[in-house]
Amino acid sequence: RRMTQSGGGTRKRARPAEAAPSASPLRLPAGLRFDDPESPVKYIDRSTGQEEERLVVRNRAEISFTVLPRDESATFSSQDGNQIQAMASEAGAAFDDPRFVSGEVVLPPYASKPMENGHDFTQVFIVLEAQEKALVVNMNKKRYQLSSGDQFWVPPFTEYGLQNFSSSESVRLAFVLIKP
């Protein structure tokens, strides 16, 4: 299958090989030192020419998740044919910078994130965890099935919504919202 990239080129789609189920012990070089994640990095902000100092690392455990509004109209059909009201999803920001916001969205089994307009932001999503083809992305009257490792982006002023059709596994996505 061929597809067009946003840069205008084409590429063939291939899935990477699955990771090994158990990793071997981590062995780092002797003497390798690490900085505290709470240690900010100094850099020059190109828009102002001023030196800035900001945190650049945030551990997942530090992200505070908020329950998002539930899609009251969304229902799912269970395997026995019963209608199930959609569960609420949740999101948390790791960074909220004047130029971008990054974080995670989690959709429990049978959860739905209602359609919303992304306004003048560009949004990029990476599917970190999902049952094969269980994540459905609705965007401008189109519908796509996604799995772990897939990515999608939402152009500015575009409506989109998310649904997890898995009855047993949550979907976890990383996102970056690029501010105008």
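In this predicted model, Met 139 stands opposite Lys 142 in strand S13. Strand S12 (residues 135–139) pairs with S13 in the antiparallel sense, and five bridges connect the two.

**The open sheet**

- S12 and S13 belong to an open sheet of four strands, arranged in the order S10-S15-S12-S13 with antiparallel pairing.
- The edges of this sheet are strand S10 (112–117) and strand S13 (142–146); each has a single partner strand, so one side of each is left without a neighbour in the sheet.
- From one strand to the next, the twist averages 15°.

**Pairings of strand S16**

- Strand S16 (residues 171–178) runs antiparallel to strand S9 (residues 100–107), and eight bridges join them.
- Within this pairing, Val 106 is found opposite Arg 172 of S16.
- Strand S11 (residues 122–129) is also joined to S16, by seven bridges and again in an antiparallel arrangement.
- Val 124 has Val 176 as its bridge partner in S16.

- Leu 26 lies in the loop between strand S2 (10–12) and strand S3 (41–44).
- Leu 26 counts as exposed because its relative accessible area is 73%, and the cut-off for exposed is over 50%.

Key: Residues are numbered from 1 along each chain as its sequence is written. This is a predicted model: local features need pLDDT of at least 70, side-chain atom pairs count only at pLDDT 80 or more; totals for chains, interfaces and linings use all residues. Side-chain values use heavy atoms; hydrogens and water are left out. Two strands pair if DSSP finds at least two bridges between them. Buried means under 20% relative accessible area, exposed over 50%, partly exposed in between (1.4 Å probe, protein chains only). Axes are lines fitted to C-alpha atoms, for helices over the stretch in contact, and angles run from 0 to 180 degrees between N-to-C directions.
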